Amino acid sequence: MQFSFDTTPELAQQLDEQDILASFKHSFVFPHQNDKPVIYFCGNSLGLQPKNFETAIQTESQSWRELAVSGYFSGKNPWLYYQDYISPSLAKIVGAAPEEVTVMNTLTVNLHLLMLSFYRPTQQRYKIIMEAGAFPSDQYAVETLVKHFGFDPAQSIIEITPLNNEKILSTENIINIIAENSEALALVMLGGMNYYTGQFFDLQSITDAAHKAGAVAGFDLAHVAGNIPIRLHDWNVDFAAWCSYKYLNAGPGAVGGVFIHEKHCSNTSFPRLGGWWGNDEKIRFKMEKGFNPKPTAAGWNMSTAQVFNMVGLKASLEIFDAAGMYNIRQKSIQLTAYLEYLLQQLHNIAFEIITPKDINARGAQLSLFFSEKGREIHDKMLDNNIIVDYREPGVIRVAPAPLYCSYTDVYTFYRILKDEFND
Ligand SMILES: *Cc1c(COP(=O)(O)O)cnc(C)c1O
């Protein structure tokens, strides 16, 4: 895709006028600072609150207040089926059938539960491949999982590191390492997008390679869900899990999402840890002996639907349905390319964009490594009402989420860098 950008403020304005998603900004609540709404580039950490959240919460509060236990079967959204209101929209976002998707618990918990289903190590086949520098929670999950099975993490976990001082991983290298380990490999478990570099991996090729090696492919999609459209079913991914509070804007600690491929979830004998909410609804309340899971991803549900933890996701997905994941991605590609273009015009600032240049290998986020003044730049942005994320040693992650960030927002960020630091 070719764009022609320039550094004039008029261009930013013009791009905003042409933006078919521009009005979605008004579907969100912006925190205020110095009596002004902030420019928010932290949707990769915690998305903004959708305006329809407040009413959605009140609806369930009213059902509880007025219906009490009958709220499970009556009211606007009978709670018994609450997960079913969410799966169809969520399935569209990750490219799955509604039956392959469910919501439950939170991300790290779900990673554990899914790995317990899919990682069935033997003395011959017990190794797990993940990316070096994975999100800490994922590292701890995999480390404690292999220990749980009595294996030594140092012998069992293979971490893929970038070649020759590069910051990003090459797909070829990932695939080679998978092939080299095919004899003992049980599971490939990568973050679909690295939270730090913003690199989006080629999930389809990695899945194919894992299968060829006789292993299972699972992904943590925390930074992918709602950011990049994917096709988990067609790509034959075995399982995936993600959180809903980043690009999906469902609120802090909101319910996590889970994908289990139809070829696995339709098999009610597939190993899992079960609970009554995963049991066939028709016989759930008979309270009989013997677990009869639903033949869908929901067969992994355990506990009563956490309604108040799901309200935010249900509300937020109405916005995704209205905007459409395709449009969101089209805007995102252009918005992030615009940010990249503007940054490339700043020749007197010592920094490097560590996120891949290839638009197919990244989403909304650009990670900028400042060899000096990183902290100072972050603080200056904050003084100017711009919220970005800072990580030692000098990385600022800028994530213009297309649903509520504009071209003018990106331009404003650039102008502060140019006016304050580019001399
Ligand atoms: C955000 C994030 C998490 C957080 O997990 P929780 O269980 O929701 O706290 C885990 N893994 C990755 C890759 C993340 O980006």
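1. Domain bounds come from an automatic or database domain assignment, and for this chain that assignment gives domain 1 as 9–44 + 325–421 and domain 2 as 57–321. The model is a predicted one, in which local features need pLDDT of at least 70 and side-chain atom pairs count only at pLDDT 80 or more, while totals for chains, interfaces and linings use all residues. Residues are numbered from 1 along each chain as its sequence is written, and side-chain values use heavy atoms, with hydrogens and water left out.

2. Taken over C-alpha atoms, the centres of domain 1 and domain 2 are 29 Å apart. Their contact (heavy atoms within 4.5 Å) draws 29 residues from domain 1 and 20 residues from domain 2.

3. The two domains bury about 2100 Å² between them, with carbon and sulfur atoms giving 63% of that area; buried area here is the accessible area (1.4 Å probe) that two parts lose on being put together, summed over both. On the side of domain 1, Asn44, Met325 and Ile354 supply 28% of the area buried against domain 2, which is more than any other three residues.

4. One salt bridge is found across this interface, the term requiring a side-chain nitrogen of Lys or Arg within 4 Å of a carboxyl oxygen of Asp or Glu. The side chains of lysine 167 and glutamate 352 also meet in a salt bridge, at 3.7 Å from N to O.

5. Seven residue pairs, both members at pLDDT 80 or more, are in polar contact across the interface of domain 1 and domain 2. A polar contact is a pair of N or O atoms within 3.5 Å; within protein, one must be able to donate a hydrogen and the other to accept it, and residues adjacent in sequence count only if both atoms are side-chain atoms.

6. Which residues lie around the ligand? They are Leu107, Thr108, Phe135, Asp138, Asp220, Ala222, His223, Tyr245 and Lys246, each with a heavy atom within 4 Å of it. A polar side-chain atom of histidine 223 lies 3.1 Å from a ligand oxygen, whereas for the side chain of tyrosine 245 the distance from an N or O atom to a ligand oxygen is 2.5 Å, and for that of lysine 246 it is 2.5 Å.

7. The whole structure holds 15 salt bridges. In the one between lysine 331 and aspartate 19, the closest N and O atoms are 2.7 Å apart. This pair links distant parts of the chain, 312 residues apart, with lysine 331 in helix 12 and aspartate 19 in the loop between helix 1 (9–18) and strand 1 (28–29); helices (H or I, at least four residues) and strands (E, at least two) are DSSP runs, numbered from the N terminus.
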